[in-house]
Amino acid sequence: MSVGLGLPIGDPAQLLSWARRAEATPFTTVALLDRLVFGNPEPLITLATLAGATSRIRLQTEVLLAPLHRTTLLAKQAATLDVLSGSRFTLGIGIGGRDDDYLAAGVDLRTRGRRLDGQLATMRRIWSGEPLSEDVGPIGPAPARPGGPEVLFGGFVPAVMERVARWGDGFLGAAVPASAMDGLFRGVEAAWSRAGRTGRPRLLAQVNVALGPEPTLDRARRELHAYYRPSSYTDHVVKGLLTTGAQIREAVAAFRAIGADEVMLYCWSPDPDQVERLADAVFPAP
């Protein structure tokens with residue numbers, strides 16, 4: 001099973017260092033979250049920059065709030081990043097639920113699910129090289145991966161599982177323990193089977209982490225709290241932050257046991273030394 005690293009958003013200027021240092025470890029992926037009304041760096045621009053600074057490690061949005069984006073431009077951006085990264089890009093997609101993000105984008109929050117379904121149909125058509133419509137020709141470039149970059153869907157409701165089966169390559173679950181994730185994974189597999197898909201969906205789990213002395217952990221908790229507030233589950237998410245190597249190893253093992261293909265350790269401390277701390281905690285010395 002692979003282990004990836006979620007990049008912190010507290011100090012964007014450090015992210016090049018994070019990506020280069022992560023590439024020197026066994027981590028398989030670096031990932032970046034998405035918000036509009038927040039101080040996080042824009043994920044596609046940032047990952048494109050990181051693609052140029054790395055050569056092996058995969059790059060992933062975790063997750064991009066696709067309904068906030070213009071569909072044709074998003075398809076072009078994703079295909080471009082797939083080409084420039086040498087097919088190392090994974091497009092993790094979600095819908096979010098914060099009113100301010102949708103108000104800022106001028107998009108109706110109430111129709112975000114239907115909008116996403118239409119976006120995926122359009123993007124798949126664009127990535128396959130078909131004309132956009134009778135009046136508009138193909139939109140390039142052609143992605144490096146035939147049919148478009150790998151697409152994962154994040155979320156918790158049955159509609160997400162159906163989207164994975166219809167449009168996606170896999171599922172990304174976050175902020176729940178392995179005991180609860182097991183049911184989500186099995187639901188995705190069942191939807192995949194009902195849709196007549198061959199093979200199996202990729203299954204990813206995400207946990208929030210930070211390692212180090214108490215001041216480092218306090219800042220990580222503040223960053224996590226700021227990102228998730230205001231919400232009824234903010235305190236629950238903050239309390240779920242894993243802060244010891246033993247906790248992280250236990251979580252990774254638990255997700256491995258329910259069939260996860262990759263576990264993403266989303267770090268909330270901006271200190272680049274977290275890369276080596278987390279690698280030492282997760283990967284056994286040779």
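This is a predicted model: local features need pLDDT of at least 70, side-chain atom pairs count only at pLDDT 80 or more; totals for chains, interfaces and linings use all residues.

Biologist: Start with helix 6 and helix 7. At what angle do they pack?

Modeller: About 45°, with the axes 8 Å apart. Helix 6 covers residues 158-167 and helix 7 covers residues 178-194.

Biologist: Is the crossing left-handed or right-handed?

Modeller: Right-handed.

Biologist: Which residues meet there?

Modeller: From helix 6, Met161, Glu162, Val164 and Ala165. Across from them in helix 7 are Leu184, Gly187, Val188, Ala191, Trp192 and Arg194. By class, that contact has seven nonpolar, one polar and two charged residues.

Biologist: New topic. Where is His69?

Modeller: In the loop between strand 4 (64-65) and helix 3 (71-84).

Biologist: Buried or exposed?

Modeller: His69 is buried, because its relative accessible area is 17% and the cut-off for buried is under 20%.

Biologist: What is His69 in contact with?

Modeller: Leaving out neighbours within four places in sequence, Asp34, Glu42, Leu64, Leu74, Arg115 and Gln119.

Biologist: And Ala53, where does that one sit?

Modeller: In helix 2, residues 43-53. Ala53 is partly exposed, at 22% relative accessibility. Beyond residues up to four places away in sequence, Ala53 touches Leu16, Arg20 and Glu23.

Biologist: How far apart in space are Ala53 and Pro215?

Modeller: 30 Å, C-alpha to C-alpha. In sequence they are 162 residues apart.

Biologist: On to the backbone. Which residues does a cis peptide bond join?

Modeller: Val63 lies in the loop between strand 3 (58-61) and strand 4. Gly140 and Pro141 are another, with omega about 5°. Pro141 is in the loop between helix 5 (112-127) and strand 6 (150-154).

Biologist: What about phi at Ser87?

Modeller: Positive, about 65°, although Ser87 is not a glycine. Ser87 lies in the loop between helix 3 and strand 5 (89-94). Ser87 is partly exposed, at 26% relative accessible area.

Biologist: And what is phi for Ala175?

Modeller: Near 65°, again a positive value in a residue other than glycine. Ala175 is in the loop between strand 7 (170-174) and helix 7. Its relative accessibility is 35%, so Ala175 counts as partly exposed.

Terms used:
Residues are numbered from 1 along each chain as its sequence is written. Side-chain values use heavy atoms; hydrogens and water are left out. Helices (H or I, at least four residues) and strands (E, at least two) are DSSP runs, numbered from the N terminus. Buried means under 20% relative accessible area, exposed over 50%, partly exposed in between (1.4 Å probe, protein chains only). Contact means heavy atoms within 4.5 Å. Axes are lines fitted to C-alpha atoms, for helices over the stretch in contact, and angles run from 0 to 180 degrees between N-to-C directions. A crossing is left-handed if the near helix is turned anticlockwise from the far one by less than a right angle, and right-handed if clockwise. Ala, Val, Leu, Ile, Met, Phe, Trp, Tyr, Cys and Pro count as nonpolar, Asp, Glu, Lys and Arg as charged, and the others, Gly among them, as polar.
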